[in-house]
Amino acid sequence: MRQRPRIALVTAATVLLGGGGLTLLPATTVHAATSAARYGDDFNGDGHRDYASGGSGRVTVTYGTARGPGKRTASFDQDSPGIPGTPSRDHGDYEAFGDALAIGDFNRDGYGDLAVGDHSEDVDGKLSRGAVTLVWGSRSGLSSSATQLPHRLRTNHGSFGHALAAGDFDGDGKTDLAAAENESVFLYRGGFSTSGTSGKVTEHFPGEPGAFQPTALVAGKVTKDKITDLYVLGHGVEHVEPVNSGAWLLRGGPTIKPGELTTYSDKFNYQVTGVIADFDRNGYGDLAFREALHQRYAGSVLVLPGGPRGSAVPRRISQSTPGVATAATADDYFGRDLSAGDTNRDGYPDLAVGVPGEKAGAAERAGGVHILRGGKRGLTGSGSRWFTRRSAGVPGPAVEHEGFGAHVRLRDLDRDGDADLLVAGTTGSTVLLPGGRSGINASRARELPLAAGFPQ
C-alpha cells in the first residue's frame with residue numbers, strides 16, 4: 001500500500017505587534033444582512049477592511065477605520081471559547097494554527113469571515129492530518145462562533161490546510177475555498193454555513209496521484225472570463241523525494257479545467273510565495289512567485305505571463321536585472337515575500353519584493369525591499385525603488401540580522417487611491433511607507449503597530 005510522503009513545512013512565524021494580552025471578543029446578535037460583504041475581510045460589517053495575521057498557534061486581528069488600521073485589536077487561538085481543535089504545543093510539537101489564512105464572506109451574511117489552516121492538527125487519531133476552521137464574522141468582528149470543515153482524509157501526516165486560497169472559482173457569485181493537503185487540492189464550493197455544510201467538494205491533482213505535491217496556492221484572475229483561477233505551486237516526487245518544481249493552473253468556471261503543469265526548475269523550490277496581478281494591463285493576470293535557490297539563495301522572482309490558456313514561458317527578475325538597485329549575492333533571499341498593488345496611481349500594479357538577507361551599510365542581513373514597477377512591458381527593473389532602514393526618512397537604524405523585508409504588504413491603507421507599503425522583519429517593528437503619485441515615499445514613513453502578514 002502506497003505511503004503518503006510527509007512534507008516538512010518550514011514556516012517563519014509572523015511577528016505580532018501591539019497584541020499583548022489580547023482576547024477574543026464575544027459574539028453579539030447578528031443583524032440581518034441581505035448580501036455578501038463588500039470586502040471579504042470586513043469582519044464587523046462597518047465598511048472598512050480589517051487585518052488578520054497569524055502564526056505559531058495564534059491569530060491577531062486589527063480592525064480598520066476610514067483612515068486605515070485602528071487601535072482596536074483582538075486575538076484568539078484554540079484555547080479560546082468556540083474555536084475547535086487542540087493545541088499541539090501541549091505535547092511539544094509545532095503549533096500550525098494560523099499559519100495559513102484566507103478571507104471571504106463564506107456564508108454571505110454581510111460579514112467577512114476567516115479561514116484558518118492548521119496542518120499540525122491531530123484528527124480522529126491521525127497525527128497531523130490537518131484541519132481548516134471557518135471563524136465567522138459578526139457585528140463585533142470575528143466571534144467565538146467557528147466551524148471546522150469536513151474532510152475525508154484519513155491518513156497520518158496529510159497536512160490538510162497547509163495552504164489556503166479563496167475566490168469565486170465556479171463563477172456563481174459565491175466565495176469558494178481551496179485547501180491543499182500533501183498530494184492534492186480540495187475545492188469547497190460556496191454554500192457554507194455555521195452548521196458546517198457546503199456545496200460540492202472536488203479533489204484535484206495533475207497526473208498520477210502523489211506525483212506532485214502542492215506547497216502554495218495563489219488565487220486570481222488569469223484569463224479574461226472574470227472568474228477566479230487558481231495556481232497550484234509545488235514539486236514533483238519520485239521515491240518520496242522532491243525532484244523538481246512546477247506551477248499548475250486550475251482554470252475557474254462551472255467546471256474546473258486543469259491546465260498544463262509548467263515545470264520551471266529541476267530543484268525543489270521551498271517556501272514559495274506568489275501573487276497574481278495584471279502587471280501589463282493586457283487583460284490577463286500574471287503570476288509572480290519566488291525562486292528561492294537561484295544563485296545560492298540570492299533568489300529571484302519568476303513571472304508567468306497570463307494568456308487565453310493560462311501561463312506562457314516564465315521569465316526571471318533578479319538583482320541582476322537592469323535597473324534593480326542592489327547586486328545579487330548569496331543568501332540575499334530576494335523574493336522572500338511578495339505583494340502587488342498600484343503604488344503611484346498609473347493603473348499598473350507594482351510588485352513589492354522583500355530581500356531580508358541584503359546588507360544595509362555595515363549591517364549584515366539587515367534587509368530591505370524593492371518596488372518593481374508595472375507597465376506596458378510588464379514588470380521590469382526600470383524605475384524600481386529600494387528601501388532599507390538606512391533610507392532617508394525610514395525609522396532606523398539598520399540592525400544586523402533584522403531581516404527587514406521578510407514580510408511585505410501593499411494595500412491602500414488610507415483609501416487615497418494608491419497602495420501603501422508595510423515592511424517588517426523577523427525582529428523589530430513594522431514600518432509604513434505611504435504611496436503617492438510619485439510612488440512609495442519614505443519621507444512620511446513611520447512605525448505602525450500592525451503585522452505585515454495579513455492576506456492581501
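Predicted model: local features only at pLDDT ≥ 70, side-chain atom pairs only at ≥ 80, totals over all residues.
Begin by selecting strands E1 (51–55) and E3 (68–77), together with strand E2 (residues 58–65). These three strands form an open sheet in the order E1-E2-E3, with antiparallel pairing. E1 and E3 stand at the edges; each has a single partner strand, so one side of each is left without a neighbour in the sheet. From one strand to the next, the twist averages 20°. In general, strands of a sheet pair through backbone hydrogen bonds, in either a parallel or an antiparallel arrangement.

Select Ser53 and then Thr60, its bridge partner in E2.

**Backbone exceptions**

Most residues other than glycine have a negative phi, and most peptide bonds are trans.

Select Gln295, which lies in helix H1 (residues 294–297). Gln295 is not a glycine, yet its phi is positive, at about 50°. With a relative accessible area of 43%, Gln295 is partly exposed.

Move on to Arg345, in the loop between strand E20 (338–341) and strand E21 (350–355). Here too a residue other than glycine has a positive phi, with a value near 65°. The relative accessibility of Arg345 is 33%, so Arg345 counts as partly exposed.

Finally, select Gly396 and Pro397, which are joined by a cis peptide bond with omega of about 5°. Pro397 is found in the loop between strand E23 (380–388) and strand E24 (407–411).

Conventions:
Residues numbered from 1 in each chain as written. Heavy atoms only, no water. Helix = DSSP H or I, 4+ residues; strand = E, 2+ residues; numbered from the N terminus. Buried < 20%, exposed > 50% of the residue type's maximum accessible area, 1.4 Å probe, protein only. Pairing = 2+ DSSP bridges. Axes fitted to C-alpha atoms, helices over the stretch in contact; angles between N-to-C directions.
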